Amino acid sequence: MARRRSLTSQLYRAARTVNNLSAASRGPGAYAKRVARRKVYGKSMGATGRFLRALGLGK
């Protein structure tokens, strides 16, 4: 049986979906910018997390 998602994660997921739809409604350029921005943020936060873990400060 699948684990139940927390209310917080459900709200964040819904917000992401609404913002994706909002960007898509403004056209392919706006949506592409959003996708690229989220990818860059993810890479950046991943690097930051690895650095903090190396120092023993992360999860």
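**View 1. Gly42, a partly exposed glycine in helix H2.** Gly42 is partly exposed in this predicted model, with a relative accessible area of 45% (buried means under 20% relative accessible area, exposed over 50%, and partly exposed in between, using a 1.4 Å probe and protein chains only). Its place is in helix H2 (helices, H or I, of at least four residues and strands, E, of at least two are DSSP runs, numbered from the N terminus). To find Ala54 from here, go 12 residues along the sequence, or 18 Å through space from C-alpha to C-alpha. Before you go on, please note that residues are numbered from 1 along each chain as its sequence is written, and that side-chain values use heavy atoms, with hydrogens and water left out. As this is a predicted model, local features need pLDDT of at least 70 and side-chain atom pairs count only at pLDDT 80 or more, while totals for chains, interfaces and linings use all residues.

**View 2. Ser44, also placed in helix H2**. Is Ser44 buried, exposed or partly exposed? Ser44 counts as partly exposed, because its relative accessibility is 37%.

**View 3. Gly49, a buried glycine of helix H2**. With a relative accessibility of 19%, Gly49 counts as buried. Pro28 is 21 residues from Gly49 in sequence, and the C-alpha to C-alpha distance between the two is 31 Å.

**View 4. Leu55, in the segment after H2**. Leu55 and Ala24 are separated by 31 residues in sequence and by 40 Å in space, C-alpha to C-alpha.

**View 5. Arg34, a buried arginine**. Arg34 belongs to helix H2, which covers residues 28–54. Its relative accessible area is 15%, so Arg34 is buried. What does Arg34 contact, leaving aside its neighbours within four places in sequence? The partners are Arg16, Asn19, Asn20 and Ala23 (contact means heavy atoms within 4.5 Å).

**View 6. Where helices H1 and H2 pack**. Two packed helices are described by the angle between their axes and the distance between the axes. For H1 (residues 7–25) and H2, the angle is about 140° and the axes are 7 Å apart (axes are lines fitted to C-alpha atoms, for helices over the stretch in contact, and angles run from 0 to 180 degrees between N-to-C directions). H1 is therefore oblique to H2 (angles under 35 degrees count as roughly parallel, over 145 as roughly antiparallel, 65 to 115 as roughly perpendicular, and the rest as oblique). On the H1 side, Arg16, Asn19, Asn20, Ala23 and Ala24 make the contact, and on the H2 side Ala30, Tyr31, Arg34 and Arg38 do. These contact residues divide into 4 nonpolar, 2 polar and 3 charged (Ala, Val, Leu, Ile, Met, Phe, Trp, Tyr, Cys and Pro count as nonpolar, Asp, Glu, Lys and Arg as charged, and the others, Gly among them, as polar).

**View 7. Stepping back to the protein, with its 2 helices and 0 strands**. Along the principal axes, the C-alpha atoms fill a box of roughly 45 × 35 × 20 Å. Buried residues make up 7% of the 59 residues.
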